[in-house]
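Open the model in your viewer and keep the selection tool at hand. The stops below go from the whole chain to two places on its surface.

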Amino acid sequence: MIERIFGRHSSKARIALGQSSIIVSLVLIAAMTGLLPNEGNIKREARIVLAETIAVNSSLYITRSDIRRMHSALEVTVERNPDLLSAGVRRRDDKLLADISEHSVNWVPVEGLASTDTDVVVPVWEGEQQWGQVELRFVPIEAPGFLGYMKNPVVIFIMFLSSACFIIFFWYLGRMLKQLDPSQAVPDRVRSALDTMAESLLVMDIKQNIVLANQAFATLVDRPAEKLVGLKASTFPWQDSKNDTSADKYPWKLAMESGQPITNHIVRLQLSDTSKKTFMVNCSPVLLPGGKVGGVLVSLDDVTALEEKDIELRRSKEEAETANKAKSEFLANMSHEIRTPMNAILGFTELLRRDRGGLQPDQRKHLNTISSSGQHLLDLINDILDLSKVEAGRLDVEIIDCKPVQLIQQVMQTMKVKADEKALVLKFDALTAIPEEIETDPGRVRQILTNLIGNSIKFTEQGSITIHASVPDRANPQLRIDIVDTGIGMTEQQVSSVFDPFVQADSSITRRFGGTGLGLSISHKFAQALGGDIVASSDYGQGSTFTLVLDLKDTSNVTWLTPENLLIELEHDDSAEVVKWKLPAASILVVDDGNENRELLKLVLEDLGLDVVTAIHGQDGLVKALENNFDIILMDVQMPVMDGYSAVSEMRRMGLKQPVVALTAHAMKGIEKRCISAGYSHYMTKPINIDELVALLAELLDGEKLIETETEITDEQEVLPVVKKALPDPSSHVLPPNALSKDISEALQPIVSSLASNEKFVSIVKRFVSRLEEQIIEMNGALEKEEFSELSDLAHWLKGSAGSVGFDMFTEVAIELESAAIARDSSAARSNLSAVELLYRRACLGLALSDGTARLDAAGSSEVVDDGFKPLPVVNVSNESVLRSSLSENNPKYQQIVDRFVTRLEEQSVEIHSAVQRGDYEALGKLSHWLKGSAGSLGFSELTEPAMELEEAAKCRDDVAIRNSYGKVQALILRVENIDPALFVNAESLETVSKV
């Protein structure tokens, strides 16, 4: 109201009104305490005096019994006092002796002689007794109602005083405030400049009152700038960054208290239109002479839009974290899915490797390749699952001593399978001497070479992939590894972008060869992290060359291997220290829902002489653990019915104290801690490292450690032939009733489990094939009923179990079948199920081959179909002298190298024999060239000249010369010390089997 009346002078009006109110309040207090004269009180006192006087006079007249004169005196008194309306004298017996001005008619008796402003009663005494009373009736002192109140002199005085004071104070303040107005101290040109600023500005005094506000702030709060002067800053609903409204945390208050500027302080302001603004506030104290703070200058920069963007960024961050969590869960599940079959693969491989006396050299080499490749795959999985590295973008490297040629050998052995599938030649060639050892990260180098060689194989349809190794300049040593292929090649533009992530040559390449385009990019980063590089060059349509360059440190004390010795280095297999354990009798409980994993652990532990009981899930394991007293419990974590966490927690709650080892395919960070917290005593990841598991059991059971040195097979040891299986007996296996028709079944090629060569695993393979028949029946039933969930579970079982028992060819089709079931695609599922049935029948044929093996006799006399194949005659050299290496005779320390060469010679001899039989001149020339160079280097110079003749005959494609030269070579090979005398008999057997 004041604002409407006084407009821009509202502040001045408030002050004037306040001052007037103070004065009025003081007058009221004075009136109430009697300090201010009161007309009403004066009249009351006068009436009291008059009443007392009348009462005294009346007492005298009564004493004299002069009632007439008393009556006359009262009449005169009433006439001369206009306020006195009537009077009367009443005796004690209530008889009215004097009645003036019709007193008896208008008098209203009062109770207890309590007089009022209009009715006054005064007692009259006769001696000590009351004789009667004098009654006086007056006009009212104040008029009744509002009119009477307004005529009250005090009210009239206060109204006059308040009005006069307000007018006087308003005028006076106007004159004074004009002189004290701080805005007047700011020149108009400065004020205009402040008003043009986009950011809001406030000047506050020491009490946080606004003394100046620019137009930006006035517009923001929708008030005229003049009206903001004098308001407290706390009038507005400020909040800090944590939505705290406490005035003690205002930045301008902090600035005035500290006397220091406050910068970049977040403050929010709730506006009247329900919107909220966010400001970046800077406060600068205004210092008076002497350094005392007299106020503060506040600038408010509107950052609401930035805050909204920040909120969006935080929301995006939360969404990214949610996605990252989902990725972590996916990686955890992927870890489990990969590690579960890898456990069986590496576990059974390790069991086969432990059968040292029953393995041929090539079988041991193949198993070593499987083991090293599987371990390499596990290393890759661990790198993928190390989220801290992936998310931080770090590529950690470990610089240790390693043998570069050995790394190349391991990768070549791994990749040779793929090369053989495409009939590609994979070869190694040393261009210069190579350091025996270098300092680098062998795991990263292995990854790089695997990717580069794998790419070359992938994009090469025919020809070869050659790995060149060299150190061109020892003064500035760099190891160069060139991977040269004869593949499709690339254009210059494609070469320039080949290391970009997610980039391939073009869409046709992606459709034809697949892939994501990440491999080379990651390898390039690995090489740079090692302080090296990868360089690419290519001729379109002619092939490509990828060169890995690694900087070498000081090589002054390094042993250098010449190109001639590098072939020996490729075949090098150091003798290993074999650790064996003697364990006391103990009872072990194995809890795992995977049948293959239970079988594997049961075989391993029973071979150690331990008593093994198995359980199929956590509930089964809990029951058996409570019913029996096991020394150790080996338990999986992720299982149906009851998982490992719940089972081990219940075991601990029931008081079981024995060690419980967690065997889990989950390798994510935090899983080990979770397992230990749940009650497990130890933790091991799948695939289980058998040596580590045995060492742990030995530690828990106080086993005795036995150390042996693995040596090469001696003359006294039995040397098994290379070919261990001959032709199957067709009658030894009957196909199931639902087998294919005769014409189709004759065209089927049998597939044999990779575990079938070891008698320990034959029963496992047979049980798998038998169960597979039952599962296929269930798959067909599920497909007919369109129970896709059940079909998906059955396909998932096949995906994991087939590979564990050596039937890797089932894995891919099982994955496709599972995907089709999840997608509820009946057509695709039916097609994939047919492929599963076909593989099953081929497995049955392979099982028949394993069961019906007919051993060849020493002369290789098994009867085969005559298809034009004519084996070469076997040379009898029983009476010839034995050929010994001059290298080992001169220095016995080379005997181990010579023995490994003899093993290699046996393998290559079979290849030479096969090449002669096939008429493969190119392969025969290469093999002869190898024999020519290697035999002489190892001290068998007798083989050099005939090998040279055989190589020349192969180049000339002269069959007669080949047979003559090969006869000489064959005779000399059979004279080599420690050579297998049945070598070429076995070669004939192998050729016979391959022809059939």
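A residue is called buried under 20% relative accessible area, exposed over 50%, and partly exposed in between (1.4 Å probe, protein chains only). This is a predicted model, in which local features need pLDDT of at least 70 and side-chain atom pairs count only at pLDDT 80 or more, while totals for chains, interfaces and linings use all residues. Residues are numbered from 1 along each chain as its sequence is written, and side-chain values use heavy atoms, with hydrogens and water left out.

Begin with the whole protein chain. Of its 996 residues, 42% are buried. Colour by secondary structure: there are 36 helices and 26 strands (DSSP runs numbered from the N terminus, helices being H or I with at least four residues and strands E with at least two).

Next, select residues 10-32, helix α2, where I22 is found. I22 forms a nonpolar surface patch together with L26 and I29. Such a patch joins nonpolar side chains (Val, Leu, Ile, Met, Phe, Trp, Tyr) within 5 Å, and like charges are joined within 9 Å; patch residues have over 30% relative accessible area and no salt bridge (a side-chain nitrogen of Lys or Arg within 4 Å of a carboxyl oxygen of Asp or Glu). I22 counts as exposed because its relative accessibility is 52%.

Helices α27 (759-784) and α28 (788-804) each supply at least two of its residues. Where is E787? E787 sits in the loop between α27 and α28, and is partly exposed, at 34% relative accessible area.

Methods
Accessible areas come from the Shrake-Rupley method with a 1.4 Å probe; for residues, only the protein chains shown count as cover.
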